[in-house]
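Look over the structure, then read on.

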Amino acid sequence: MAEQRTARLVTAENIGLNTRFMRFALEQPMDFSGGQYVIVHTGIAIAEGKTAKRAYSLLSSDQDQHNFELAVRRVGSGPGSSFMHDLPVGAELSFTGPWGKFVPKQAMKSPAGSTLVVASDTGITAAIGLLHASGFQPWANQTDFHWLIESDEYFLPELLVRQRIQTRCRNFTIQRIPAVGSSQRDLWIEKFCQEITSRYPDIGNLQNVFLSGDGRIAFAMRESLTNAGVSNIQIETFFNHQEKKAEAKLAAS
């Protein structure tokens, strides 16, 4: 079992309709890389004697290991997001981590080629963390970054995102997409995959790909890009993890 750690909530701010932006301080450095996440232990009892635990990606730069930032979207009366929205400044947060492999690796190919980052919905947090990773900087000037989001009110304000990623990528675009759960989203995904592959006529020049957020989008894009000849693709799903579960079941059989 991973060792639990604690951090103190230093500042908190409501941004947008349903999002809270928080900064935490640590007594001991965390040793995280941009793109990773922590698992918050709320202590709130849920079904079958378990307690609610939720994963949140780190938005802040890994050059500061004594502080980290989280953005949490309130999801109805969900125990995890409600806990995070109600946590008072000065309180301690119990968590484990860092976790995750959505980070720059030695396996990343030459910065001479293009790098593609696509984040949908709340997956923007992992993408911002990735772009702020120390190890990602050699690729910044060749990185195209797309954020797919249903509305300005859904999560992070556009201005905040632009402030966070300026100078950290070559191009940045925002595309409005059908809402999560909409029957139109699958049709949109198919068209977007075609659009992305057509933007890189020399697909071999697309060296690295990072996909975060809705698993339906990430898995569809991975299939499309793999079929086009792209091999270095990393994924961090925030919801719709079905393919991960299927792969795990197959591996265990």
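## Second largest pocket

Arg-5, Thr-6, Ala-7, Arg-8, Ala-25, Leu-26, Glu-27, Gln-28 and Glu-92 line the second largest pocket. A pocket is an open set of points on a 1 Å grid over the protein atoms alone, where a 1.4 Å probe fits, with protein on both sides within 12 Å along at least five of seven lines; lining residues have an atom within 4 Å of a point. Its volume is about 210 Å³, counted as the space filled by probe spheres set on the points, which are joined across faces, edges and corners.

Strand β1 (residues 5–15) gives the largest share of this lining, four residues. Strands (E, at least two residues) and helices (H or I, at least four) are DSSP runs, numbered from the N terminus.

## Basis of the model

This is a predicted model: local features need pLDDT of at least 70, side-chain atom pairs count only at pLDDT 80 or more, and totals for chains, interfaces and linings use all residues. Residues are numbered from 1 along each chain as its sequence is written, and side-chain values use heavy atoms, leaving out hydrogens and water.

## Largest pocket

The largest pocket has a volume of about 660 Å³. Its lining has 24 residues; Arg-54, Ala-55, Tyr-56, Thr-122 and Phe-238 are the closest to its centre. β4 (51–57), β5 (67–73), α1 (79–86) and β11 (233–239) each supply at least two lining residues.

## Around Phe-136

Phe-136 touches several residues (heavy atoms within 4.5 Å). Not counting residues up to four places away in sequence, its contacts include Pro-104, Met-108, Arg-168 and Phe-210.
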